[in-house]
2 protein chains.
Amino acid sequence: MTSTSAGPLNRRATIKDVAALAGVSIATVSRVLSGKVPTTAPAHAKVTRAAKELRYVANAHARALLSQGPRTVAILVPDVTVPFFAHVAHGVEQQAAEEGRICLIGSTNGDLEKELVIGAMMREQGVEAVILVGGVVKSPTYRERMTDFARALDASGSHLVLCGRPPLGKDAPVSVVEYDNTAGSHAITSHLLAAGHRRILHLTGEPNHHTPVNRLEGYRRALHDHGYPYDEDLVLWRGFTRSAGAALMKQALHDQLDFTAVFAGNDLMAAGALDVLREAGIRVPEDVSLVGFDDIPLATDLYPKLTTVHLPHEELGRMAVRMVVDRDEHTPVNSHVVLGTHIVRRDSVRRRGGRPAAEV
Amino acid sequence: MTSTSAGPLNRRATIKDVAALAGVSIATVSRVLSGKVPTTAPAHAKVTRAAKELRYVANAHARALLSQGPRTVAILVPDVTVPFFAHVAHGVEQQAAEEGRICLIGSTNGDLEKELVIGAMMREQGVEAVILVGGVVKSPTYRERMTDFARALDASGSHLVLCGRPPLGKDAPVSVVEYDNTAGSHAITSHLLAAGHRRILHLTGEPNHHTPVNRLEGYRRALHDHGYPYDEDLVLWRGFTRSAGAALMKQALHDQLDFTAVFAGNDLMAAGALDVLREAGIRVPEDVSLVGFDDIPLATDLYPKLTTVHLPHEELGRMAVRMVVDRDEHTPVNSHVVLGTHIVRRDSVRRRGGRPAAEV
DNA sequence: CTGAAAGCGCTAACAA
DNA sequence: TTGTTAGCGCTTTCAG
């Protein structure tokens, strides 16, 4: 029934099997295979042949027990199909691979309970670090549990890194890499203001999440800095999804809100909003200007191409693993790095009155 | 220096630490914590307290050594940022989570060497299965190495599943879940034909990959079945990316190819092509019709919304893990399931002469 | 109900 | 250079 000539070994071959077949001790097998210790040619040959015949590969768990297995970094995202997360995850994987780490990935679907459960699982795996991306909620309870998780990880010689999330507090042993939501938001709002827009509709995420709150803050400050009033009725909350963008836009139209520009909380929402605008016969940017936030590839696929805030997706991920890998050398216990953002101007904004914003 | 009252244990707490602190044997700790064995109330209390204080979690590797750690499934994709792969990966994760498995993910960036290396790593981890998604090349050497990998996995009590890839051959111990590329391609081509198009430009991937070749086959057959000639000059090869779609479209325009419709090998290519078409002042669908393949969310963000072939992304991933998980019960050694596809008509196709294809 | 001890697969002393 | 042996952290007999 078996196809190999080695015998009906219906389980994974162990070092013992190889030793037996090669007629040497397990220590010799280990040495030959590791290649780091001098061995005789005949022994080498026998072991190599036996190993290949048995398709032997060392058991990573046994190795891990001796604390010399490959290091693993874990990343936890709400959902890999969301472009922002996919790009951050990609950055993590790339950097992890370059650092010789393997990468464990999990998704939570936004379920906070699941986040903790999977996090615990990862800790059991003895991961070098767990990188948490996105979706943090503003709740004291949550913050407390997170802090506790960070401490547990820390006590295990592991580490928590928050990626694209705000810090937990000075007493929590975490590293954080984020980008400046408020500044980016301030910049894009100012861009709209400079183009002559005064009534800017802001479609955004859920009020109990950090990201939308910080982006709103930038929007408000820009308005204030330029001396224009903030109108609460112009900000609509729902969620960072395409469908939320569409629903909110529909609502704004239905309520006949007065605005000349739309600042969508992210590019996905902008896509949803654009669709509704088009169906309503409202032209972008001729009738209303539209901007997003993220600069995912989608932004250039929309028509018109979307003016938005560029976020360093991949770099966020890469930095997260670097902070962990370099930690032993420099030991910056609680580092906090903030990456920059910048506006990328495309075709969805027009100066009120005629001239395109690009020429402002 | 330490924040807990348990003492300066600067490593992960082990069962011994808990036992010592609780004043019981390690066996008792194990039993209490597993909960499956009757224990006395006082013992239970002491152990629970000690464990919590030490933030103890069992070492997953030690457990795995006793072959009772959590099962793990591994998925290997070329690139998580490619929507198709992200959606399949999401399906895998969802199903894996539902089956109580954890999920290891790796990306190869299309590097075949890396695919084998990471695959080996996963085997060392003792994963229950490795799921390979996308990007297979048509090469005997590659096929052979893959077969060897499948055998190695099989010999270890693990399993290889090919997802969205063609089978390896009857002698290779693999399961495969795919969808019918040829049928989908045949259907969408027929759709174009029925709308009166005769000269259909086909922009596609790389000639040494299976997917584009199978899609081309459907295109050819549709042409043949409807009695129209196949013109090789109308098929342009490059890659399944946005930029390849754009480059190819540019080339077709430059070469002044004669066509009334474009069949892009996937939605990403369609996005690239659409952009070039628009810049050239060619209207879709008024001047030329355009279709894609995949039905990723992007398809509805394009303007006009893209008519395309819907692929069961998530289901592909879910089925892949089901095939492995259910394997023990039903033991269908080399199963092969083919999932269906269907056209979704949107706004990018118009009947030659005027009537929209939707009314055909 | 609990403790002592064996052993999962492996590497690293320690001898020979 | 090679074999023997002691664990790594855990679960599970097997005695008590």
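**Briefing: a predicted model of two protein chains beside a DNA strand**

DNA strand D is surrounded by 24 residues, the closest of which are A:Ala27, A:Thr28, A:Thr40, B:Ile15 and B:Ala62. The elements that each give two or more residues to this surface are α2 (26-34) of chain A, together with α2 (26-34) and α4 of chain B.

**The surface near DNA strand D**

- With 5 residues, α2(B) gives the most to the surface near DNA strand D.
- Sorted by class, the residues of the surface near DNA strand D comprise 13 nonpolar, 9 polar and 2 charged.

**Where chain B touches chain A**

- In the contact between the two chains, 45 residues of chain B meet 46 residues of chain A.
- On the side of chain B that touches chain A, at least two residues each are supplied by α4 (60-65), α5 (83-98), β2 (102-107), α6 (112-124), α7 (140-155) and α12 (298-301) of chain B.
- The largest share of that side of chain B comes from β2(B), which contributes 6 residues.
- The side of chain B that touches chain A is made up of 23 nonpolar, 12 polar and 10 charged residues.

**The build of chain A**

- Chain A holds 14 helices and 12 strands, and 51% of its 360 residues count as buried.
- The radius of gyration of chain A is 27 Å, whereas a compact globule of 360 residues would have one near 21 Å.
- The C-alpha trace of chain A spans about 85 × 45 × 35 Å along its principal axes.
- When contacts in chain A between residues at least 6 apart in sequence are considered, 71% of them join residues at least 24 apart.

**Helix α11 of chain B**

- Helix α11 of chain B covers residues 267-279, and its 13 residues reach 18 Å from the first C-alpha to the last, which is close to the 18 Å expected at 1.5 Å a residue.
- Because 10 of the 13 residues of α11(B) are buried, this helix is largely enclosed by the rest of the structure.
- The buried residues in α11(B) include B:Asp267, B:Leu268, B:Met269, B:Ala270 and B:Ala271, and also among them are B:Gly272, B:Ala273, B:Leu274, B:Asp275 and B:Leu277.
- After α11(B) comes B:Gly281, a residue whose phi is positive, near 80°.

Conventions: Residues are numbered from 1 along each chain as its sequence is written. Chains are lettered from A and ligands numbered from 1 in the order in which they are written. This is a predicted model: local features need pLDDT of at least 70, side-chain atom pairs count only at pLDDT 80 or more; totals for chains, interfaces and linings use all residues. Helices (H or I, at least four residues) and strands (E, at least two) are DSSP runs, numbered from the N terminus. The radius of gyration is taken over C-alpha atoms; the globule rule is 2.2 Å times the number of residues to the power 0.38. A residue is buried if 20 or more other C-beta atoms lie within 10 Å of its own, exposed if 12 or fewer, and partly exposed in between; C-beta atoms are placed from the backbone. Two residues are in contact if their C-beta atoms, placed from the backbone, lie within 7 Å. Ala, Val, Leu, Ile, Met, Phe, Trp, Tyr, Cys and Pro count as nonpolar, Asp, Glu, Lys and Arg as charged, and the others, Gly among them, as polar. The expected span of a helix is 1.5 Å times one less than its number of residues. A residue is near a molecule or strand if its C-beta atom, placed from the backbone, lies within 6 Å of it.
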